[in-house]
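Trainee: I've just opened this one and would like to go through it with you. Could you take me through it piece by piece?
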Amino acid sequence: MENGIAKDGAFMFSDEELGEISGLRRGGDYIEVTCGCTSHRYGDAVGRLRVFVGGDLEISCECTPGCQEGIAVHWKCQIDFFQADKLTPAAFEKHSGRETARKWKSNVWVMVDGEKVPLSKTVLLKYYNKASKNANGSHKSHNGRPCHRDEFIRCTRCNKERRFRLRTKEECRVHHDALANCSWKCSDLPYDKITCETDEERASRKIYRGCSRSPTCNGCTSCVCFGCDICRFSDCSCQTCVDFTRNAET
């Protein structure tokens, strides 16, 4: 423990906080416990929940031997990567067949002293809630409005990077959809008439990303957003938007 901040799994929660939670195991930067979600039709889907110091939550599904549904998609710094056998809580809730799969904090449970207790009634969401609060409140510009710095996506045809300005919800949606398009190309841009023949921005120009704190910022809490109403979309079916929408409703 340093300045009251947990640095690894051994200090994230006290023994008194965790009490009689079943399947407890402490790792390097996380703790792991047994969890589950109940469907009236299919019964209990059981898994292993990892709670990380940074607030991330991952569930390894153990509903059936060799379950292939446990795949979580994470979006970070324009890279989407897959982790086999890992699910977000919302995805695990859906995978379990829960009929009212809308509130994972209440539907996903852990065993405490032999009883199923919703995550929302345990201390296990402490770091998740803290990270969510910091993310929602940290990416504000000086006028209090959410600030998103410019991002770049590389054309699959000419291999040139193109700038996306994210000042409005419409601009954020264009970037969001382009990021999900594995074959995105310059001609897909709905604005800024750019073709593959257009010169790529010089490196000296690319360092200016629109941060309100510093013009040449490499990424800070003022310009890097981890999810808000401007850059997440309720009509999008990607896991990132689905999780954000569900969490906003809880």
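Mentor: Let us begin with a polar contact (a pair of N or O atoms within 3.5 Å, where within protein one must be able to donate a hydrogen and the other to accept it, and residues adjacent in sequence count only if both atoms are side-chain atoms): the side chain of Arg48 reaches the backbone oxygen of Gly23 at 2.8 Å. Bear in mind that this is a predicted model, in which local features need pLDDT of at least 70 and side-chain atom pairs count only at pLDDT 80 or more, while totals for chains, interfaces and linings use all residues. Residues are numbered from 1 along each chain as its sequence is written, and side-chain values use heavy atoms, with hydrogens and water left out.

Trainee: Is Arg48 buried or exposed?
Mentor: Arg48 counts as buried because its relative accessibility is 15%, where buried means under 20% relative accessible area, exposed over 50%, and partly exposed in between, with a 1.4 Å probe and protein chains only.

Trainee: Which strand is Arg48 in, and what does Arg48 touch?
Mentor: Arg48 is found in strand E3; helices (H or I, at least four residues) and strands (E, at least two) are DSSP runs, numbered from the N terminus. Not counting residues up to four places away in sequence, and taking contact as heavy atoms within 4.5 Å, Arg48 touches Gly23, Arg25, Glu32, Val33, Thr34, Cys35, Glu58, Ile59, Ser60 and Glu62.

Trainee: Changing topic, how many residues are in the largest nonpolar core?
Mentor: That core has 26 residues, and those with the most contacts inside it are Phe13, Leu49, Val51, Phe92, Trp104, Leu119 and Leu124. A nonpolar core here is a set of buried Ala, Val, Leu, Ile, Met, Phe, Trp, Tyr and Cys residues joined through side-chain atoms within 4.5 Å.

Trainee: Which elements supply at least two residues of this core?
Mentor: They are strands E2 (30-39), E3 (43-52), E4 (57-61) and E7 (108-112), together with helices H2 (89-95) and H4 (126-138), and the largest share, 4 residues, comes from E2. Apart from this core lies another, of 17 residues, among them Ile153, Cys172, Cys186 and Cys228.

Trainee: What is Trp104 in contact with?
Mentor: Leaving aside neighbours within four places in sequence, Trp104 is in contact with Leu57, Pro89, Ala90, Glu93, Leu119, Leu125, Tyr128 and Asn247.

Trainee: On to H5: which residues of H5 are buried?
Mentor: The buried residues of H5 are Cys172, His175, His176 and Ala178. They cover an arc of only 165 degrees around the axis, so they lie on the same side of H5, the arc being that of the directions from the helix axis to the C-beta atoms.

Trainee: What span should H5 have?
Mentor: The 12 residues of H5 (residues 169-180) should span 16 Å at 1.5 Å a residue, and the end C-alpha atoms are 16 Å apart, which agrees; the expected span is 1.5 Å times one less than the number of residues.

Trainee: In what sense do E9 and E10 pair, parallel or antiparallel?
Mentor: Strand E9 (residues 151-154) and strand E10 (residues 161-164) pair in the antiparallel sense over 4 bridges, where two strands pair if DSSP finds at least two bridges between them. Glu151 stands opposite Phe164, and Ile153 stands opposite Arg162.

Trainee: What about the hairpin, and which residue there takes a positive phi?
Mentor: The hairpin has 6 residues between the strands, and there Asn159 takes a positive phi near 70 degrees. Asp113, which is not a glycine, also has a positive phi, of about 55 degrees; Asp113 lies in the loop between E7 and strand E8 (115-118) and counts as exposed because its relative accessibility is 61%.

Trainee: Last one: where does Thr245 lie, and what is Thr245 in contact with?
Mentor: Thr245 lies in helix H7, residues 239-249, and, leaving aside neighbours within four places in sequence, is in contact with Phe233 and Ser234. The C-alpha atoms of Thr245 and Arg232, 13 residues apart along the chain, are separated by 7.8 Å.
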